[in-house]
Structure formats: C-alpha cells, structure tokens
Amino acid sequence: MADADHERWAVEVGPYVLGSLDPHARARFEDHAATCAACRAEVSALAGLPGLLDRVSADVVDELEGRPGAERAEPPPLLLADLLRVARREERARA
C-alpha cells in the first residue's frame, strides 16, 4: 500500500523516469520512493520508456499523427521558459 504522500508524488514518476527533474527535485523524489512501494513499482513499470522513445524516429511520429513528411514547426521561443516558470511555481507550492 502506498504511503499517505503517494498521491502528491505520483505525478513525479514520469518526469523522474525521463530524467527531467532538476537535481533537488530528483533527490526529494528518491527520498520519497525509498519509503513508497507504489512509486517504486511505477518507476519499474516505466523504466524502459526512455529507451523505447529513443528508438522512435520523428518520421514515425509524423506518420502516426497523420502528417507524413510534414515539416516540424519550431516551438515558440518562450515556451520552454514559460514551462519552467510554471514548474518552479508548482514545485514551490508543493514544498
């Protein structure tokens, strides 16, 4: 059974597995996972995902989205900065 904090941390499993947590958040998640069997199980279930994603070409993604040969649009320049700002705000709210 998951500990009482599991729901709070469950949203971090995907980013943890994909390596997108900053070092501080990663360490905090690992501290939590050390006591939460549910999070450890979810990490184990998703552990192969990064390797599988590395094997998918952009052409396959385009084809699956119904855009064979489509040009890839660049993301808006501020998108990453905006996403990081939101993630930091959410991280502070959880702390």
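View 1. Leu 18 is partly exposed, because its relative accessible area is 47%, a value that lies between the 20% limit for buried and the 50% limit for exposed. The model shown here is predicted. Leu 18 sits in helix α2, which covers residues 13-18. Leu 18 is also one of the residues in a nonpolar surface patch.

**View 2. The nonpolar patch.** Five leucines form this patch: Leu 18, Leu 46, Leu 49, Leu 52 and Leu 53. Together they make a nonpolar surface of about 420 Å². Helix α5, residues 49-54, gives the largest share, with three residues. Helix α2 is where Leu 18 is found.

View 3. Is Tyr 16 buried or exposed? Tyr 16 counts as buried because its relative accessibility is 16%, and the cut-off for buried is under 20%. Leaving aside residues up to four places away in sequence, Tyr 16 touches Leu 21, Arg 26, Phe 29, Glu 30 and Val 43. Phe 29 lies 13 residues from Tyr 16 along the chain. The C-alpha atoms of Tyr 16 and Phe 29 are 7.7 Å apart.

**View 4. Helix α3 against helix α4.** A packed pair of helices is described by the angle between the two axes and by the distance between them. Helix α3 spans residues 23-33, and helix α4 spans residues 37-46. They pack at an angle of about 115°. Their axes are 8 Å apart. Which residues make the contact? From α3 come Phe 29, His 32 and Ala 33. From α4 come Cys 39, Arg 40 and Val 43. Four of the contact residues are nonpolar, one is polar and one is charged.

**View 5. The whole chain, for orientation.** The protein has seven helices and zero strands. Along the sequence, the pattern reads α-α-α-α-α-α-α. How much of the protein is buried? Of its 95 residues, 18% are buried; Tyr 16 is one that counts as buried. The accessible surface comes to about 7100 Å². Carbon and sulfur atoms hold 60% of that surface. Among contacts with a separation of 6 or more, 59% join residues 24 or more positions apart.

Notes. Residues numbered from 1 in each chain as written. Predicted model: local features only at pLDDT ≥ 70, side-chain atom pairs only at ≥ 80, totals over all residues. Heavy atoms only, no water. Patch = residues over 30% accessible without salt bridge, like charges linked within 9 Å, V, L, I, M, F, W, Y side chains within 5 Å. Areas by Shrake-Rupley, 256 points an atom, 1.4 Å probe, with all protein chains shown as cover. Salt bridge = Lys/Arg side-chain N within 4 Å of Asp/Glu carboxyl O. Helix = DSSP H or I, 4+ residues; strand = E, 2+ residues; numbered from the N terminus. Buried < 20%, exposed > 50% of the residue type's maximum accessible area, 1.4 Å probe, protein only. Axes fitted to C-alpha atoms, helices over the stretch in contact; angles between N-to-C directions. Contact = heavy atoms within 4.5 Å. Nonpolar A, V, L, I, M, F, W, Y, C, P; charged D, E, K, R; others polar.
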